[in-house]
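Please consult the sequence and the structure alongside the text.

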Amino acid sequence: MLDPTDTKLLAALQRNAHLTAQELGDLLNLSPSQAGRRRQRLEAEGFIEGYAARLNPAKLGLAVQGFVQVHLSSHGPEQSRGFSRLVASQPEITSAWTMTGEADYLLRVYCTDLQALNTLIHEILLPHPGVARVQSQIVMAQLKRDAPLPT
């Protein structure tokens with residue numbers, strides 16, 4: 001179970017994962033060693049899965065963000081495993097979800113341009129034997145970046 005200090009610590013780390021034990025201690029009214037131990041416990045218990053830098057897609061030349069809905073032609077375990085392997089092998093696909101509703105999968109993709117998105121869809125996704133059809137939406141503007149989880 002998380003206590004209020006744990007939730008404050010998690011919220012602070014979501015805003016800035018570079019906080020030192022001293023800075024966490026100051027925020028939480030704990031000694032640096034107590035703050036550090038809490039952080040280690042939350043890591044060990046799986047509340048904190050890792051730390052990563054948030055990169056600017058535009059600065060990296062990734063001008064097109066899109067969402068691609070994928071509809072499978074059949075729903076056997078081998079088709080799902082094969083499609084999962086395809087998704088894992090494509091760096092342009094940054095997130096993937098299985099879905100309820102009409103589409104089987106929702107993919108978030110980042111591409112350099114529309115031609116790269118076209119190539120991903122027509123030369124990689126659609127030729128996969130388990131894929132029946134895809135539907136894509138191009139992001140015009142992102143109103144809110146992936147935000148911290150509510151704690």
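## A pair of facing residues

Valine 70 has tyrosine 105 of S3 as its bridge partner. The model in which this pairing is found is predicted. Strands S1 and S3 run antiparallel and are joined by 7 bridges.

## The chain as a whole

The chain contains 5 helices and 4 strands. Along the sequence, these elements follow the pattern α-α-α-β-α-β-β-α-β.

The C-alpha trace of the chain spans about 55 × 35 × 25 Å along its principal axes. The radius of gyration is 20 Å, whereas a compact globule of 151 residues would have a value near 15 Å. Of the 151 residues, 30% count as buried. Among contacts with a separation of 6 or more, 64% are between residues 24 or more positions apart.

## The sheet

The 4 strands form an open sheet in the order S2-S3-S1-S4, with antiparallel pairing. Strand S2 (93-98) and strand S4 (131-138) are the edge strands, and each of them pairs on one side only. From one strand to the next, the twist averages 20°.

Strand S1 (residues 64-72) pairs with S4 in the antiparallel sense over 7 bridges. Leucine 72 is placed opposite valine 131 of S4. S2 and S3, which also run antiparallel, are joined by 5 bridges. Tryptophan 97 stands opposite leucine 106 in S3. A hairpin is formed by S2 and S3, with 6 residues between them. In its turn, glycine 101 has a positive phi of about 95°.

S3 is mostly covered, as 7 of its 7 residues are buried. In a regular strand, side chains alternate between the two faces of the sheet. In S3, Tyr105, Leu107, Val109 and Cys111 point one way, while Leu106, Arg108 and Tyr110 point the other way, and all are buried.

Helix H4 (residues 77-89) lies across S1, S2, strand S3 (105-111) and S4. This helix runs at about 20° to S3.

## Helix H3

Helix H3 (residues 32-44) has 13 residues, which at 1.5 Å a residue should span 18 Å. The C-alpha atoms at its ends are 18 Å apart, in agreement with that expectation.

Which residues of H3 are buried? They are Ala35, Gly36, Arg39 and Leu42. These residues cover an arc of only 125° around the axis, and therefore lie on the same side of H3. The buried residues of H3 pack against helix H1 (4-15) and helix H2 (21-28). On the other side of H3, Arg37, Gln40 and Ala44 are exposed. Just after H3, glycine 46 adopts a positive phi of about 85°.

## Arginine 41

Arginine 41 is located in helix H3. Is this residue buried, partly exposed or exposed? Arginine 41 has a relative accessible area of 30%. Because buried means under 20% and exposed means over 50%, arginine 41 is partly exposed.

Arginine 41 and arginine 85 are 44 residues apart in sequence. In space, the distance between arginine 41 and arginine 85 is 33 Å, C-alpha to C-alpha.

Conventions:
Residues numbered from 1 in each chain as written. Predicted model: local features only at pLDDT ≥ 70, side-chain atom pairs only at ≥ 80, totals over all residues. Heavy atoms only, no water. Helix = DSSP H or I, 4+ residues; strand = E, 2+ residues; numbered from the N terminus. Expected span 1.5 Å × (residues − 1). Buried < 20%, exposed > 50% of the residue type's maximum accessible area, 1.4 Å probe, protein only. Arc of directions from axis to C-beta. Contact = heavy atoms within 4.5 Å. Pairing = 2+ DSSP bridges. Axes fitted to C-alpha atoms, helices over the stretch in contact; angles between N-to-C directions. Rg over C-alpha atoms; globule rule 2.2 N^0.38 Å.
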